[in-house]
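Work through these exercises with the model open. Each task is followed by a solution in steps.

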Amino acid sequence: MEIHVIEETLKDLEELTGLAKFKGTVKEIGMLAQTRQFAGAPVNFAFIGNPGTGKVALARLVGEMLRRLQVLQKGQLFGVHKFDLAGESPRENVQRVARVVEKARGGILYVDKVPDILALGKDVIHALLDARETMIVLSGTREELAALLADPDISPKINFRLEFPDYTPGELLEVAQRLVDDYQLVLTAEAAEKLRGIFVEKQNEFGKLGNTRYVKDIIDRAYRRAASRIMTGGDTDKLFPEDIEG
């Protein structure tokens, strides 16, 4: 039964653009969970990469697998930011962490903007990473996580470190096609070729532009242009090169 959970998770992973590279790690996590290696222990991750590289999607997928393997009670993801944890004193900070951890117990606690959290004090990070029965994900760029990962007291508490590279032009084109499909539109060959050219030209800037967020912005704007054209009696289901702007 449990091996089927892992196999189904790996199959789902293959359908997520750019994330199939993590199959080996996800399988390892599943096998450890299957042998009860996480029973009663913290399950802590560092997801290292630029925005829009699939970190939240992978967190949800792994969390759901761990729920099905009875490591977690629920697959719900809870995001946490500095304003959730900042009190008027270090003691109050830790008390707030305890409340956040209790709320997320049995689920996924996803921590973004790690430098802001670290600025509240190392006690806050320790309190997060010591949480039981909860999957903790510390997410950020290499620069944002550098101090934390180099800290000799904090680093050993992180079970898994996953590197999320920027997407390739081909991967972003696949993401764009899926977004177009979601809008129930057709991406013409000419529009697809224009998109490919934009992605090739901008590939060294994907990290700054936000990877999949950048693609979504392009397709959202293209959809609005198409919608305006539809209202004036134009083609109802196609995106043309003139709809695409990078």
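**Exercise 1.** Find the element that gives the most residues to the lining of the largest pocket.

*Solution.* Helix 9 gives the most, with 4 residues. Helices (H or I, at least four residues) and strands (E, at least two) are DSSP runs, numbered from the N terminus. On a 1 Å grid over the protein atoms alone, a pocket is an open set of points with protein on both sides within 12 Å along at least five of seven lines, a cavity is a set where a 1.4 Å probe fits but cannot get out, and lining residues have an atom within 4 Å of a point.

The model is predicted: local features need pLDDT of at least 70, side-chain atom pairs count only at pLDDT 80 or more, and totals for chains, interfaces and linings use all residues. Residues are numbered from 1 along each chain as its sequence is written, and side-chain values use heavy atoms, leaving out hydrogens and water.

**Exercise 2.** Describe the largest pocket by volume and lining.

*Solution.* Step 1: its volume is about 340 Å³, taken as the space filled by probe spheres set on grid points joined across faces, edges and corners. Step 2: 13 residues line the largest pocket, and Thr-17, Val-175, Arg-178, Leu-179 and Thr-212 lie nearest its centre. Step 3: helix 9 and helix 12 are the elements that give two or more residues to this lining. Step 4: the lining divides into 6 nonpolar, 3 polar and 4 charged residues. Here Ala, Val, Leu, Ile, Met, Phe, Trp, Tyr, Cys and Pro count as nonpolar, Asp, Glu, Lys and Arg as charged, and the others, Gly among them, as polar.

**Exercise 3.** Work out how helix 9 and helix 12 cross, and which residues meet.

*Solution.* Step 1: the axes of helix 9 (residues 169-182) and helix 12 (residues 212-231) come within 9 Å and cross at roughly 45°. Step 2: helix 9 and helix 12 are therefore oblique to each other. Step 3: Leu-172, Val-175, Ala-176, Leu-179 and Val-180 in helix 9 meet Thr-212, Val-215, Lys-216 and Ile-219 in helix 12; contact means heavy atoms within 4.5 Å. Step 4: by class, the contact has 7 nonpolar, 1 polar and 1 charged residues.

**Exercise 4.** Count the cavities of 30 Å³ or more and list the lining of the largest.

*Solution.* Step 1: the count is 1. Step 2: the largest cavity holds about 30 Å³ of space. Step 3: Gly-18, Leu-19, Lys-21, Phe-22, Thr-53, Phe-164, Pro-165, Tyr-167 and Glu-171 line the largest cavity.

Key. Axes are lines fitted to C-alpha atoms, for helices over the stretch in contact, and angles run from 0 to 180 degrees between N-to-C directions. Angles under 35 degrees count as roughly parallel, over 145 as roughly antiparallel, 65 to 115 as roughly perpendicular and the rest as oblique.
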